[in-house]
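Please look over the sequence and the model shown below before reading on. The report that comes after them is meant to be read slowly, with the structure open beside the text.

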Amino acid sequence: MSSMNKRHMLVFLVLALVLAVTAVAVSACGEEGTTGTTGAGGEKPVKGGTFSFYIGEPAFIDPVNGQESEGIQVINAVFDSLLFFDSKAGKLVPAAAEKWEANADASVWTFHLNKDAKFHNGRKVTAADFKYAWERICNPVNESEISYHLSAVKGFQAMQDGTATELEGVKAVDDYTLEVTLEYPFADFEFVVSHPSLCPVPKEEVEKDPKAFAEKPVGNGPFMMAEPWAHDQYIKVVRFDDYYGQKAYLDGVDFKIFKDDETAFLEFKAGNLDFTVIPSGQVKAVAAEYGESPDGYTVEPGKQVLLGPEVSIYYILFNTKDDVLKNVDLRRAISLAINRQAICDTVYEGMRVPATGIVPSGILGYLDNQWAYCKYDPAQAKELLAKAGYPDGQGLPEISIGFNTGRGHEDVMALIQANLKDIGIQAKLDGVEWAQYLDKLDTGEFQMARLGWLADYPIMDNFLYPLFYSKSADNHSFYENPTVDEKLLAARKITDVDARIKAYQEVDRMIGEDAPVIPVNVYRHGRLGSDRIRGFMFDNMGLADLASVWIAAK
Amino acid sequence: MIAYIVRRILQMIPVFLGVTVILFILRAPGILPGDPVRMITGEKAISETLYNQIVKKYGLDEPLVVQYGKYLANVVRGDLGDSYQKGRAVTDILMDKLPNTIKLAIAAIIIEMLFGIAAGVISAIKRYSFWDILVTLSTSVLVSIPVFWLGMLLQLVFGVKFKQWGLPYLPVSGMKSAQFPTAIHIILPAVTLASVSTAYAARIMRSQLLEVIGQDYIRTAMAKGLTYRRVISGHAMKNALIPVVTFLGLDLGAMIGGTILTETVFNWPGIGYEMFLAIGQRDWPIVMGGTIIIVLLVMVINLLVDISYAFLDPRIRYGRHEA
C-alpha cells in the first residue's frame with residue numbers, strides 16, 4: 001500500500017471512529033427504548049439458568065451479623081429461618097418450622113421443626129442449631145449488631161453482660177422441638193423469628209474455621225454458596241438439590257456487586273444483569289421504556305419497573321427535650337407546614353410517597369391518615385403557631401435542622417426550610433457528614449434532625465416500640481409519655497391478632513397527637529427486572545423469594 | 001549509586017513516622033469528629049455492654065500515645081490490625097485490592113507512554129502538519145472531558161452498543177467474567193484512566209522535543225551528517241524525555257493512591273474506593289494501613305524514576321559528593 005493510501009486509510013478510520021462515537025452518544029440521549037433481550041417464554045416453570053442480581057458490597061453474609069439489605073439478600077437465599085413472611089398472602093408461613101404455637105400470654109413459644117431440613121453439608125437441621133445460632137448472636141464476643149432482635153428472650157441481658165454463656169430462654173426440647181421463653185409476653189414474636197438472620201447455623205462448620213464461614217457460610221436454604229465471597233465483585237450461589245421445600249428452578253444466582261447504580265444499569269442494558277436499581281433522575285424514562293409493574297412488586301415482560309412502596313420511612317426528629325420544641329402545638333404547626341408531596345415530586349422524582357403517619361402502608365394494621373398533623377395544611381399550621389405563643393412566628397428563635405450531607409438530603413431540608421418560612425418560622429440548616437451526625441444524635445445536640453427507619457419485621461410494634469418507647473435506645477426524639485409506654489407494653493401481650501392490631505392503632509394515634517417526629521415520606525423500590533425472568537417478586541421488605549424464580553425458555 | 005539508594009531508603013523512615021503521627025493526630029478527640037464505634041454499629045442502637053466491648057477490643061479506651069506505640073509495634077511485625085467495619089485483617093483487604101489498583105495503574109501508564117510519547121513526537125517532528133493539529137485538538141478535548149463521563153461513554157459504545165450491533169465488544173465493568181479474562185476487562189478502565197495524562201504527556205513531549213531540536217548540539221549532529229531519525233532518537237529524545245518521565249512517575253504514584261472515579265464507574269475492586277469509604281466510616285485501621293502502604297510504594301516509584309534519569313542522561317550521576 002502506498003504511503004498516500006495509508007494516510008487516507010488512517011484519516012478514514014479516525015473519522016469513522018469519531019462519527020460512530022458521536023452517533024451513539026446522540027442516539028443514547030434520545031432513543032426510544034427497546035425492551036431488548038429475549039422474547040417472552042413459556043409460562044410453565046422451567047429449570048436452569050442463572051439469575052444475575054445487583055447488590056452493593058454487603059457488610060456481612062454470615063447471619064451472626066446480617067443486617068443491611070445487601071447481606072440480607074444473600075442470607076435469605078442461603079438460609080431459612082423458622083418462619084417466612086409471605087407478603088403476597090400477608091401472613092407468616094412455615095419455613096424451617098412446619099408449625100408453631102404460643103402459650104396463653106405469648107410468653108412461651110414452641111416451634112416444631114421440619115424433619116427433612118438439611119444443611120448444605122448434608123447434616124439434618126435440629127433445634128440445637130437454632131439455639132447455637134441465637135447464642136452466637138447474643139454472645140458479645142461476636143460483636144453482633146443484631147442481637148437486639150432477641151432482646152425479648154429470657155436470659156438475653158445475662159448473655160450480653162457476659163454473666164451467662166447460654167440463652168436461658170431457648171431450649172431444644174428434642175431434635176425437632178424448639179421452646180423459647182420470653183422475658184415478657186410478646187405476641188408478635190413469631191414475626192421476629194422470621195427475620196432472615198435468625199436462621200440456624202451448623203456449629204461444626206463455624207468452629208472448624210470461623211473466618212472461612214464468614215466468607216462462605218453453610219446454610220439450610222434453597223441455594224448454597226458456590227465459592228467464597230469475591231469481595232467487591234460477586235457472590236455466587238447454586239441450587240441446593242437436597243432442599244426440604246420447593247426446590248429452586250434456577251441453577252444459581254450471581255449476586256453481582258457494584259459501587260455505582262449507573263454502571264449496574266449499563267450492565268443491565270448490555271444484558272448482563274437481570275435485576276438492577278434505576279439510577280436517580282432516570283425513573284420516568286426507564287418506566288416509559290420498560291413498562292411499570294401494575295402492583296409495583298412483580299416483574300413481567302413489558303411491565304418490568306418496580307415502584308412499590310417499601311416498609312421504610314424518612315422522618316424528621318424533634319428534640320422533645322429542647323426548650324422551644326417541647327411545645328406540642330409548635331411541633332404540630334411545623335409538621336403541618338411541610339409540603340410532603342412537593343418533596344416527593346421535586347426531590348425524588350415521584351420515587352417516594354408522602355407519609356401520613358409513622359407506620360407505612362404494607363405493615364399489618366396500617367391505616368391511612370393515622371397521624372392528625374401529618375399533612376400539608378399551612379392555614380392550620382399558622383393557627384397552631386399562634387396557639388403555641390408565636391403568632392406569625394413572632395418571638396420564635398431560629399430553629400436548627402440537622403442532617404447528614406449527601407443523598408439529596410440538602411434539597412429536602414431546603415424545601416422544609418422554605419415551607420417553614422412560609423408560616424413565619426426561620427430555620428437554619430446544619431448539614432454534617434454521617435460520622436459527625438451520629439455523634440450529634442446520640443448527644444442530643446440538635447433541635448430537628450432527619451433519620452430513616454427500615455422495618456425489620458412487617459409489624460406496627462417495629463415502628464412504635466423502638467422509636468417511641470421512653471427507654472428505647474432508638475428513641476432519638478427523647479419522647480416520653482407514660483400512657484404510651486403502658487399501652488405499648490399492654491399491646492405486646494394481646495394474643496388475638498385483631499385485638500392487638502387495634503391496640504397498636506390506638507397507641508399510634510396517641511403518638512401522632514404528640515407529634516414527636518415528622519414523618520415525611522415512604523421509600524419506593526425503583527428497581528428494574530429483565531424480561532426473561534418469571535415468577536419474580538421483590539416484596540415491600542426488599543426481599544426476593546429466589547426459589548420461585550425461573551428463566552423463560554428462549 | 002548504591003549509597004544513594006540506601007540513603008533514599010533510610011529517608012523513608014522519617015516520612016513513614018511522620019505520616020503515621022499525622023494520622024494518629026487526626027484520630028484525637030475533637031480533631032475529626034465521629035465515633036468509630038458508632039460507625040461500626042450503624043444507625044440502630046446497641047447495648048452499652050457491646051459498645052464497651054468494641055471499645056476495649058480495639059483499644060480505643062487507651063491514651064492515644066499508647067495506641068500509637070502498640071500500632072507501630074504491630075506494623076513492624078507486619079500486622080496492620082483488623083478493619084472496624086468488616087472485621088477482616090487490613091493486610092488481607094489491602095492485598096485483595098492493591099494488586100488490582102497496581103494492575104490498572106500500570107496498564108494506564110503503558111498507554112500514556114505509548115500513545116502520549118508517540119503523539120508528542122509525531123506532533124513535534126511534523127510541526128503544523130495535519131497530525132500536529134490532530135494531536136493538539138484531541139489532547140485539548142481529552143483534557144476537558146470529565147473522566148467519569150468518558151468512562152460511561154466508552155462503556156455505552158464498546159460494551160452495550162457494540163454488543164447490540166453484533167460487533168466484537170468489550171466488558172462493561174468488573175475485573176473478570178466467564179467471557180473475558182482480566183486483560184480484556186482492563187482495557188476500558190485503563191484507557192479512561194490514562195486519557196487526561198496521555199494528553200498531558202503528549203503536550204509535554206511535544207514542547208520538550210521542539211525545544212531540544214532547536215539547540216546547538218542537535219544542529220551539530222545534523223551537520224555531522226547523521227540521519228534525522230538518528231538525531232531525534234539518539235540525541236534529542238534522551239533529553240526531551242526527562243520531564244515526561246518525571247510526569248509519568250508522579251502520575252503513577254498518584255494512581256497507586258487510588259483512582260476513585262475510574263474504580264467506581266468500572267466497578268474495579270481497587271484501593272481508592274476502599275480508602276474513600278474507610279475515611280467516611282472512620283475505619284482507621286484501613287485508612288492507616290492503606291496510607292502507609294501507598295506512601296511507601298510512591299516513595300519507591302519516585303526512587304525508581306530518579307534512578308532512571310541516570311540511564312536517560314549520562315551526565316546525571318548519583319554519588320556521595322553530589323548530595
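Predicted model: local features only at pLDDT ≥ 70, side-chain atom pairs only at ≥ 80, totals over all residues.

Residues are numbered from 1 along each chain as its sequence is written, chains are lettered from A and ligands numbered from 1 in the order in which they are written, and side-chain values use heavy atoms, with hydrogens and water left out.

**Aromatic rings**

Over all chains, the structure holds 34 aromatic pairs. Rings of Phe, Tyr and Trp (for Trp, its six-membered ring) count as a pair if their centres lie within 6.5 Å, and the pair is stacked if the planes are under 30 degrees apart, edge-to-face if they are over 60 degrees apart, and tilted otherwise. Two of these pairs are set out here.

| Pair | Centre to centre | Angle between planes | Type |
|---|---|---|---|
| Trp109(A) and Phe111(A) | 6.4 Å | 15 degrees | stacked |
| Trp371(A) and Phe468(A) | 6.0 Å | 50 degrees | tilted |

Helices (H or I, at least four residues) and strands (E, at least two) are DSSP runs, numbered from the N terminus. Trp371(A) is buried, with a relative accessible area of 4%, and Phe468(A) is buried at 0%.

A charge can also sit over a ring, which requires NZ of Lys or CZ of Arg within 6 Å of the ring centre and within 35 degrees of the ring normal. The charged end of Arg352(A) sits in this way over the ring of Tyr523(A), 3.9 Å from its centre, and Arg492(A) lies over the face of Tyr465(A), at 3.6 Å from the ring centre.

**A sheet in chain A**

In chain A, 4 strands form an open sheet in the order E4-E5-E7-E6, with antiparallel pairing, where two strands pair if DSSP finds at least two bridges between them. Strand E4 (97–102) and strand E6 (170–174) are the edge strands, each pairing on one side only. Strand E5 (residues 108–113) is joined to strand E7 (residues 177–181) by 5 bridges, and within E7(A) the bridge partner of Phe111(A) is Leu178(A). Phe111(A) is buried, as is Trp109(A).

**A loop residue and a cluster**

Leu546(A) is found in the loop between strand E20 (533–534) and strand E21 (550–551) of chain A, and Leu546(A) is buried, with a relative accessible area of 4%. Not counting residues up to four places away in sequence, Leu546(A) touches several residues, including Phe51(A), Phe53(A), Phe255(A) and Phe536(A), contact being heavy atoms within 4.5 Å. Among the members of one aromatic cluster are Phe51(A), Phe53(A), Phe255(A) and Phe536(A).

**Two helices in chain B**

Two packed helices are described by the angle between their axes and the distance between the axes. Helix H7 (residues 147–164) and helix H9 (residues 187–213) of chain B pack at an angle of about 145 degrees, with their axes 9 Å apart. Axes are lines fitted to C-alpha atoms, for helices over the stretch in contact, and angles run from 0 to 180 degrees between N-to-C directions. Residues of H7(B), among them Leu150(B), Leu154(B) and Phe158(B), meet residues of H9(B), including Leu188(B) and Val191(B).

Conventions: Buried < 20%, exposed > 50% of the residue type's maximum accessible area, 1.4 Å probe, protein only.
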